[in-house]
Amino acid sequence: MNAEPTDFHDFLGRHHPFDLLPPDALAEVSGNLTVRDVPRGTLVMTPGEPANTLYIVCFGAVETRSPDGELLARLGEGECFGVRAILRGGIAVNRTETIEDTRLLLLPSAMFDRLRRNHLPFAYHFAAFEGGRFQDAVDGIPSARGSDLLNKRVGALLTRDPVTVPTGTAIRDAALTMRNERVSCVMITDGGALVGILTDRDLRNRVVAEGLSIDATVDRVMTRDPLRMPVTDYALDALMLMSRHNIHHVPVMRDGAVAGCLTASSVVESHTASPVFMARNIHNAESLQRVQEAMQRLPDVVHQLTESGATAHSIGHIVSALTDAVTVRLLRLAEEELGPPPVPYAWLAAGSQARQEQTALSDQDNCLLLHDSYDEQEHGPYFKALAAAVCHGLNACGYVYCPGEMMAMNPQWRKPLSVWKSCFRRWIEEPEPKALMLSCIFFDLRHVHGDPGLLNELHGVVLEKTRTNRIFQTYMAGNAVSRHPPIGFFRNLVLIHGGEHDRTLDLKHSGVVPIVDIARLYALAAGSPAVNTVDRLQAAAEARALNRNTAADLMGALEFIGIARLRHQARMAREGKPVDNFLSPAELSGFEKGHLKSAFSVVKTMQAAMASTYQLGRF
């Protein structure tokens with residue numbers, strides 16, 4: 001039967017995302033609904049049948065199951081189903097049945113499509129169902145990228161033509177060119193191709209300080225094959241590159257030719273809290289106290305990046321690059337005090353630092369990988385002191401000690417290569433709970449300082465074993481579905497009850513960690529060495545270990561949960577409160593709550609599919 005236009009106007013206006021529609025659009029929707037009263041046990045949608053209707057539950061309840069019978073969702077008052085079927089070709093994929101006497105409101109798909117075209121917030125709510133368009137929806141909202149300097153293209157920041165000299169130029173003439181052109185660097189070319197860069201710092205350190213003749217040619221002192229970037233990259237990408245490598249000049253290329261040079265000051269001239277300047281101050285710090293002082297600006301940097309529209313993915317890379325800079329500086333300070341290392345070593349980051357996904361709140365996870373020439377009696381005291389200096393220094397800089405003591409100053413995480421190989425073999429071949437926990441944490445390893453070849457050799461052994469070991473993968477899958485996203489059967493947010501964090505959501509352990517676990521498993525199954533979660537999902541999709549649409553949905557969910565977490569932490573820091581991962585829904589708009597529910601639902605659906613794939617039973 002047809003409903004009167006006013007019958008459901010108030011009902012829809014109380015439920016997301018219809019509450020995002022302007023009054024005239026909401027009135028139009030109300031006037032185009034059809035009502036269907038359905039008794040309990042009625043099959044509403046069947047896999048393979050045409051789907052040209054959006055269903056809205058007015059009262060009662062329905063449940064959706066996959067074609068093989070796996071429960072995917074239970075929906076109640078105000079919630080919708082049939083969305084994915086409409087958006088992915090107009091054919092039902094799953095089976096939906098009423099589990100109570102239910103009244104359904106039916107909206108034609110043509111009108112649903114028109115609402116999505118004309119009302120961006122409404123479309124944004126459903127983006128997670130579209131298989132990879134979650135982030136497209138974020139980018140489409142004007143406030144999401146803003147006009148901040150960080151989000152401009154690199155090419156837009158170039159203010160002059162490039163200043164170049166050929167390789168045979170005398171140092172004297174290159175310095176005169178820099179003075180006359182009023183630039184802090186010149187780019188060195190050979191036949192028009194970029195081969196090097198010469199900066200004022202090079203003149204100071206490599207010419208004047210070394211007493212080199214100014215009649216020598218620039219190729220004696222230039223930085224060869226410098227890092228570079230295309231004009232189409234974002235200025236934010238330039239910040240990341242400069243922060244990670246502690247450089248202040250980046251040649252910019254257009255179609256293989258030099259288009260100009262980007263300097264740190266040109267990128268951040270209007271930003272007092274700059275990750276580039278932080279990285280520089282960390283690199284130049286002469287003591288632990290100076291490193292601590294530099295790191296005091298981290299909350300301001302995270303706040304600035306969050307407000308500018310930077311993605312959680314980019315912010316994680318920048319914050320992790322700063323942690324790398326702190327770690328390297330502490331290692332060098334320790335080596336200055338202790339002397340050169342007696343045998344080669346690699347300092348490895350684990351956890352969120354390794355994945356380049358850190359926020360303003362991070363503990364430290366790290367380990368030492370030593371060359372097999374290591375002798376405990378002869379070399380042990382040196383590396384014990386080195387590890388202690390760095391771990392205590394990281395704690396002083398705000399990276400608190402790992403609660404599980406997974407740090408290089410713990411002898412358990414300071415071992416030669418051959419011993420690490422044996423540990424991983426044992427963890428993989430005998431995946432009991434503790435071994436599984438340890439292996440999951442230390443699969444997330446990334447080289448920060450020292451000999452990178454040591455980790456490369458360890459990675460080769462680990463990846464080969466995990467790629468072919470189905471039993472170990474099954475244990476990892478069980479671990480990945482053990483942390484449930486905080487979404488209930490009726491798509492309501494499930495809050496923590498009682499204790500210090502009463503009525504909040506744990507965005508880290510219930511939001512981010514389940515996606516990290518899923519990505520780790522599928523990347524290892526694909527034999528990918530990737531560590532970053534987005535990189536892992538992309539690698540798994542390229543290897544066809546994971547459906548591309550599913551991977552895109554998970555990346556979108558990770559981004560939305562991640563940015564909600566960062567904004568919450570930035571807000572707490574501004575208010576002078578201890579930063580944590582526990583978000584109260586009261587901090588969110590109805591729009592944000594709805595999309596957070598969609599993100600959690602994506603994860604829950606993927607966990608159900610994983611449980612089916614690895615035959616884990618109900619979870």
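# Exercises on ring contacts and overall fold

The charged end of K415 sits over the ring of W413, 5.8 Å from its centre; a charge counts as over a ring if NZ of Lys or CZ of Arg is within 6 Å of the ring centre and within 35 degrees of the ring normal. This is a predicted model, in which local features need pLDDT of at least 70 and side-chain atom pairs count only at pLDDT 80 or more, while totals for chains, interfaces and linings use all residues. Residues are numbered from 1 along each chain as its sequence is written, and side-chain values use heavy atoms, with hydrogens and water left out.

**Exercise 1.** Find which ring the charged end of R116 sits over.

*Solution.* The ring is that of F112, and its centre is 5.6 Å from the charged end of R116.

**Exercise 2.** Classify the ring pair of Y55 and F81, and locate both residues.

*Solution.* 
1. A search of the whole structure gives 10 aromatic pairs. Rings of Phe, Tyr and Trp (its six-membered ring) pair if their centres lie within 6.5 Å; planes under 30 degrees apart count as stacked, over 60 as edge-to-face and the rest as tilted.
2. For Y55 and F81 the centres are 4.8 Å apart and the planes are at 5°, so the pair is stacked.
3. Y55 belongs to strand β3 (residues 53–59) and F81 to strand β6 (residues 80–81), so the pair ties together parts that are 26 residues apart in sequence. Helices (H or I, at least four residues) and strands (E, at least two) are DSSP runs, numbered from the N terminus.
4. Y55 has a relative accessible area of 10% and is buried; F81, at 4%, is buried. Buried means under 20% relative accessible area, exposed over 50%, partly exposed in between (1.4 Å probe, protein chains only).

**Exercise 3.** Describe the protein chain as a whole.

*Solution.* 
1. The protein chain has 25 helices and 21 strands.
2. Of its 619 residues, 54% count as buried.
3. The C-alpha atoms of the protein chain fill a box of roughly 95 × 60 × 45 Å, taken along the principal axes.
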